Amino acid sequence: MTTHLLEGLNSAQREAVETIDGPLLIVAGPGSGKTRVITHRIAYLLREVRVSPYRILAVTFTNKAAREMQSRLDRLVGQRSKDLTVGTFHAFCALTLRKYGQHVGLDPGFSIFDDEDQQDLLKIAMEDAEVDPKKFNRRAVHSAISRAKSLLMDSKAMALRKSNYFEEIAARIYARYEELLTSNNAVDFDDLLLKTVHLLRNVAEVRERYQDRYVHMMIDEFQDTNICQYELAKIIVAKHRNICVVGDPDQSIYSWRNADIRNILSFKHDFPNARVVNLEENYRSTSNILEAAKGVIAANRQRLNNNIRTSKPGGSKIAIHEAFNEEDEAKFVLQQIDGLVRKNGVKLGDFAVMYRVNAQSRALEEACLRYGIKYRLVGGVRFYQRREVKDIIAYLRLINNPHDQVSILRVINVPTRGLGQKSLEQLEYWARTRNLSLYGAMEHIYLERTTGAAPTHPLQPRMAQSVVSFVALIEELRKESQQRDLVSLLDLLLERIAYKTYLEKDLEDAEERWDNIIELRNAAQDFKGLPPPTGLTSLLEHLALVSDVDNYEDAADSITLITLHQAKGLEFPVVFITGLEEGLLPHMRSMDSPEEIEEERRLFYVGITRAMERLFFTRAFRRGLAGGAGGPSIPSRFLQEVPQHLFTTPARLEPVGRASAPPLRMHTPPQPDKEEKPALVLRAGDKVKHSIFGEGVVVGLKGQGGDQEATVVFKNDIGMKRLLLSYAPLEKLSA
DNA sequence: CTTTCGGGATTTTTT
DNA sequence: ATCCCGAAAG
């Protein structure tokens, strides 16, 4: 058994796995087998030290990491992994507050406000605090409040610490925002952490229960934790002090979310007897790739030394390409992919295309569609924040927590109930004077009406009738939610509000939106088995804290389009990093501070170190930023930091002299088999075969020569695709 | 009260 | 280009 767990580990990795008593800091460079070490360490605790899985807490920073850890542990230790506590900080806190939230003023059904909800609430808070929204940017206020929360400051502490007028105003808004959250029986993301810290600090009974229970705690991506998260960890491990943190300062890319790199230094201070293990052996990348990464990161001044090294010598050099614009850039990427697939037999699942901002995915997606290459878009517009999905979620949240005013306001006119702004204002004012929540006031009207009492509210009769039927609906759903399973509750809701009809009548893309609702219904299926009220709560928690609904199974047959941030922790044989331009990477918004530039550089470093065998850098000479075309781009300064001998061809990295200079092609990429392939002559009605989509029939043709595009209907539910004849892997079947 | 139109501002990364 | 808000029309 022992041999199995420690087998194939190098000495540093072994030390990390076997050091189980007391605090441990693992500094893990990219590709150093970090996840392997963490999972093996947990398995070691379970199998060798005979620790009960119930006593181990492992927290990660993202859901993706948590899922990955859980599934690897399933394979290593089987059933027992089910009793481990594995999850993100936020999920762990949500669970804790569901159980013990009443100690910090939360009812069990509390809502978790996502970014959009937080903005909505903040808007109200700013109105209440009589702050001019034009003079004070909501996002700036929000980030100031968020920063304060991550530093464990309430609005009073913020007001005391204010150093300028903006912070004074922000503190005033913060105070009102907090009141509103409380009266909504809701928390934002920061509150999940903050209120859990308050809970554990103030309630000895709960604190001791947690401190006794968790004999071992592990934190992954420690460089990305904020002060509040670290405080939480310190409280939990105070008794046993078996805390193992794993991180890499060079991969710290979340300071904008208040992650605080000082935590690593504090750790050594707070746990002076901590063992430190450095994992420096890189098993992922070839030496050319690693040399590039080292060259780039060396330009950062603020860093602890760690020397990563690889045993994979040489490897392909890094290709660099300057495209004319973003379409051209996407075309280059897809041509390269196509070429590698054909000539080298690389699988689509081995490719990742990375970028700084989500908006860059569009050109790439379009190119994938044209070339008929399947892709998986990670992140992007999140499923749960689409309007129709959010509407239905708001209803569900309301069923769970009628004090959730943000959700009431969201659905009160979905479908239209004739309650406009004016009526709602009256209602809110009336509620406030009577010290009721919005729903409380509506309920009052409902009760007056059903008992035949004389109305005391200020609404017109027709408005009052709307309120009454709305409350009747919610009350019915609340009652049913105690009996029915989740899916049948959802079906009842959709039927009662005639949602499908509403979509068809009032919104564009009704069909697609309805499909999304069906998708939501599918997600609900997973919670169907739970006893009635629990299923709803669990689903809502899942929706609030899990950002993507992408399933990993499909990955094998598609290329991956992903932001650099999301790519952390992943690896791919072939990586493209696109948009290497000043203003994009490093991003414009980070240009005025050296610290932020260093973070951008770390982001680039993270991207480079995802690559195992091949790496491509691309940039566009002109990029169509929102609005105008944007001027000619300047190559990213980071490109100059890559040792030039690692490139396939000498790169022109200096800024272009004048705006009108013609774009230069750095090198012409091999055109994948263009000449070998006889131009395909097709007519509508011809049968064709595509290497991925299979057989189909041509239904239309457009364009000339190399740009000719065919519309093909494929069999087997694949449907209609538009393909460029010069690139798509199509062959004509004898008719 | 709701819908529609037009002007103005805004453009990062995610739990 | 897209979103958000306010004003005017329906």
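Predicted model: local features only at pLDDT ≥ 70, side-chain atom pairs only at ≥ 80, totals over all residues.

Colleague: How many residues of H17 are buried?

Modeller: Buried means under 20% relative accessible area, exposed over 50%, partly exposed in between (1.4 Å probe, protein chains only). Helices (H or I, at least four residues) and strands (E, at least two) are DSSP runs, numbered from the N terminus. In H17, 13 of the 14 residues are buried, so the rest of the structure largely encloses this helix.

Colleague: Which way do the residues of S2 point?

Modeller: Ile56, Ala58 and Thr60 point one way, Leu57 and Val59 the other way, and all are buried. S2 covers residues 56-60.

Colleague: Which strands does S2 join?

Modeller: Two strands pair if DSSP finds at least two bridges between them. Four bridges join S2 to S6 (residues 216-219), running parallel. Val59 stands opposite Ile219 there. Four bridges also join S2 to S3 (residues 85-88), again parallel. Thr60 has Thr88 of S3 as its bridge partner.

Colleague: What do S15, H27 and S16 form?

Modeller: A crossover is right-handed if, with the strands pointing away from the viewer, the path from the first strand over the helix to the second runs clockwise. S15 and S16 run parallel, joined by five bridges. The chain passes from S15 through H27 (residues 594-608) to S16, a right-handed β-α-β crossover.

Note on methods. Residues numbered from 1 in each chain as written. Chains lettered and ligands numbered in written order. Heavy atoms only, no water.
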